[in-house]
Amino acid sequence: MPRERIALVGIGKIARDQHVPALAASPDWELAATVSRSGTVEGVEAFTDFAAMLEARPDIGTVSLCLPPQPRYPYAEAAIRAGRHVMLEKPPGQTLAEVHCLRALADAFGVSLYATWHSRMAAAVAPAKAWLAGRVVTSARIVWREDVRKWHPGQDWVFEPGGMGVFDPGINALSILTEILPHTGHVTGAELEFPANRDTPIAARLRFSENITADFDWRQEGPQTWDIEIETDAGPCALRLGGNRFEVAGRDVAGEESIMGEYPALYARMAELVRGSQSEVDLAPMVHVADALTLGRRVVTDPFHF
Ligand code: NAP
């Protein structure tokens with residue numbers, strides 16, 4: 001089938017690291033335009049204004065938004081109103097209501113909306129889900145500890161309202177958890193550590209109704225930890241490296257070290273959704289984040305500077 005034309009909006013860290021290489025190798029998509037105030041992709045028509053791109057390129061049927069969540073909603077709304085299919089980076093919005101509005105709008109305009117969760121495409125997530133199916137889960141423990149200076153250098157938006165703070169990576173863990181377990185219950189309590197000079201948490205500890213805990217921390221230097229350890233009636237298992245390795249009783253059984261398969265899988269899924277005139281908008285990971293922010297006890301900690 002001929003490749004569909006797509007525009008990439010927000011040529012920042014994730015667009016360069018993942019979206020551009022995934023699209024370059026895609027059998028489904030042709031990167032036909034970029035919209036950015038600062039970045040371009042060689043050989044691709046570059047716009048600085050989103051409305052101008054929508055007006056000038058009616059042949060581009062799909063828009064992939066790689067902006068941070070705070071500025072993203074008006075872009076998504078304008079794209080849908082212009083009859084374009086829309087792919088959203090995670091988290092799909094600043095708030096749940098924003099995403100409900102986009103879903104309703106996409107349905108009204110007859111376009112596809114895909115709220116992506118890249119970590120669900122990690123190599124070992126599907127094998128872990130298959131292994132867990134039919135087993136009784138008795139507890140789960142998420143430990144997601146990384147260095148914000150390494151992964152978000154200078155990105156002040158993560159600490160601004162709507163940026164989610166440590167939930168920006170934490171929601172990746174929750175996207176995996178809600179994919180592999182049929183019942184994650186609900187958040188029952190949380191402690192949130194806010195740097196004295198910031199509006200979002202740098203660390204969070206969550207408790208769930210289903211004997212699940214989560215420990216998110218953005219202050220870990222040295223080796224990084226992205227683990228989900230699960231006890232079942234058939235013994236322990238664990239997803240490590242952000243869902244890329246799956247262990248059963250301490251032995252590696254599936255996965256790989258590379259994360260480079262996640263974004264190609266997202267774009268393949270977007271192609272399926274567009275061809276099938278469908279949308280995929282699962283807000284389960286974001287519900288847990290919103291609830292943690294609602295229930296969380298606030299603890300003030302040291303100021304944070306990049
Ligand atoms: P980023 O590099 O800080 O920003 C991406 C682009 O967004 C920037 O290049 C900028 O575009 C545009 N932008 C930023 N603020 C804007 C504003 N107020 N108005 C209009 N455009 C604005 O962010 P990122 O790390 O790529 O993250 C973007 C999204 O991807 C986030 O939702 C994040 O959670 C997700 N994500 C990030 C990573 C990662 O490793 N960083 C991994 C997975 C997912 P121009 O200068 O090009 O106009």
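Trp151 is partly exposed, at 30% relative accessible area (buried is under 20%, exposed over 50%, partly exposed in between; 1.4 Å probe, protein chains only). The model is predicted: local features need pLDDT of at least 70, side-chain atom pairs count only at pLDDT 80 or more, and totals for chains, interfaces and linings use all residues. Residues are numbered from 1 along each chain as its sequence is written, and side-chain values use heavy atoms, without hydrogens and water.

A search of the whole structure gives 8 aromatic pairs (Phe, Tyr or Trp rings, six-membered ring for Trp, with centres within 6.5 Å; planes under 30 degrees apart are stacked, over 60 edge-to-face, the rest tilted). Trp151 and Trp226 have ring centres 5.7 Å apart and planes at 65°, so this pair is edge-to-face. The pair links distant parts of the chain, 75 residues apart: Trp151 sits in helix α6 (residues 148-151), Trp226 in strand β11 (residues 225-232). Helices (H or I, at least four residues) and strands (E, at least two) are DSSP runs, numbered from the N terminus.

## Other rings

Phe159, Trp218, Phe304 and Phe306 form one aromatic cluster.

Two arginines lie over ring faces (CZ of Arg, or NZ of Lys, within 6 Å of the ring centre and within 35 degrees of the ring normal). Arg135 covers Trp131 at 3.9 Å from the ring centre. Arg298 covers Phe194 at 4.0 Å.

## Arg72

Arg72 belongs to helix α3 (residues 69-81). Its side chain reaches the backbone oxygen of Pro92 at 3.3 Å.

Terms used
Polar contact = N/O pair within 3.5 Å; in protein donor to acceptor, adjacent residues only side chain to side chain.
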